[in-house]
Amino acid sequence: VQHKTPKDVPTPGTAAESSEPAAVAHVELTDGWYKIPAMLDLPLLALVRNGTIAVGTKLFALGAEFVTTPQASPPLEAPAATCLKLAMNGTRRARWDATLGFHCSRRLFTCNKLCGLSPNGGRVPMIDVVVQRKYPVLWMERDLETGRFTFRSTRAEERVKRLYDIKHEAIAEGAMEQAMMEVNNDDDDDDD
């Protein structure tokens, strides 16, 4: 990591932070052969300011955004506006003896704890989770008259649904019979 303009970088809490929150620090990254400018977000800027990220620090980045001009160009002839946009949740310090360049294994990057994520540190490219408990589905019903809530298991919900269907089917059949009786009475009256 090489700092390009450390004097021009705004400090957290200044007006520049609110007007341009995503791209505040400009650094230069290299794989030992090629170099590319990069923009850091606010949490990474804080690490640059406190010295955690300094010139010569090796970084492991996953999910970095490539910011470029609308025209495509070869990598070695890229315009000056082309850069990588690094986010805190997608960037880690690499070991001092890590080789530079592309790595196939993403397991190096797995986040072990949720508390290691920054809320304003951009996208989380990978996280390892373990499901410890699986809860059954619960159904919630609100009684419109009393405003009370009733919670049921799936089996209880199916039983209540069957009772509801039977009740409404009986109501529908009664309405149908009544309509048929009215139609028959109207036909009898017309015959007279």
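Modeller: A nonpolar core is a set of buried Ala, Val, Leu, Ile, Met, Phe, Trp, Tyr and Cys residues joined through side-chain atoms within 4.5 Å; buried means under 20% relative accessible area, exposed over 50%, and partly exposed in between (1.4 Å probe, protein chains only). This is a predicted model, in which local features need pLDDT of at least 70 and side-chain atom pairs count only at pLDDT 80 or more, while totals for chains, interfaces and linings use all residues. Residues are numbered from 1 along each chain as its sequence is written, and side-chain values use heavy atoms, with hydrogens and water left out.

The largest nonpolar core has 11 residues: Ala-25, Val-27, Leu-29, Ala-38, Leu-40, Leu-42, Leu-44, Leu-45, Val-48, Ile-53 and Leu-86. At least two residues of this core come from each of strand 2, strand 3 and helix 2 (helices, H or I of at least four residues, and strands, E of at least two, are DSSP runs numbered from the N terminus). Helix 2 gives the largest share of this core, 4 residues.

Helix 2 spans residues 42-49, and its buried residues are Leu-42, Pro-43, Leu-44, Leu-45 and Val-48. The N-terminal end of helix 2 is capped by Asp-41, which places a side-chain oxygen 3.2 Å from the backbone nitrogen of Leu-44. Just after helix 2, Gly-51 adopts a positive phi of about 90°.

Strand 2 (residues 25-30) and strand 3 (residues 35-40) run antiparallel and are joined by 6 bridges; two strands pair if DSSP finds at least two bridges between them. Within this pairing, Met-39 of strand 3 has His-26 standing opposite. The hairpin of strand 2 and strand 3 has 4 residues between the strands, and in this hairpin Gly-32 takes a positive phi near 100°.

Thr-91 counts as buried because its relative accessibility is 6%. The side chain of Thr-91 reaches the backbone oxygen of Ala-87 at 2.8 Å.

Charged pairs complete the surroundings. The whole structure contains 5 salt bridges, a salt bridge being a side-chain nitrogen of Lys or Arg within 4 Å of a carboxyl oxygen of Asp or Glu. In one of these, Glu-65 meets Arg-123 at 3.7 Å, N to O. Glu-65 lies in strand 5 (residues 65-67) and Arg-123 in the loop between strand 7 and strand 8 (139-142), so the pair ties together parts 58 residues apart in sequence. Glu-65 is partly exposed, at a relative accessible area of 35%, whereas Arg-123 is exposed, at 63%. Another salt bridge links Arg-95 and Asp-97, with their closest N and O atoms 3.1 Å apart; Arg-95 is exposed at 59% and Asp-97 partly exposed at 39%. Asp-165 and Lys-161 also form a salt bridge (3.4 Å, N to O). Both lie in helix 3 (residues 154-191), 4 residues apart, about one turn of the helix.

Confidence should be read alongside this picture. The chain has a mean pLDDT (the predictor's confidence in each residue, from 0 to 100) of 79, and 80% of its residues reach 70 or more. Confidence is lowest in helix 1 (residues 15-19), with a mean of 36, and highest in strand 9 (residues 149-152), at 92.

Conventions
A polar contact is a pair of N or O atoms within 3.5 Å; within protein, one must be able to donate a hydrogen and the other to accept it, and residues adjacent in sequence count only if both atoms are side-chain atoms.
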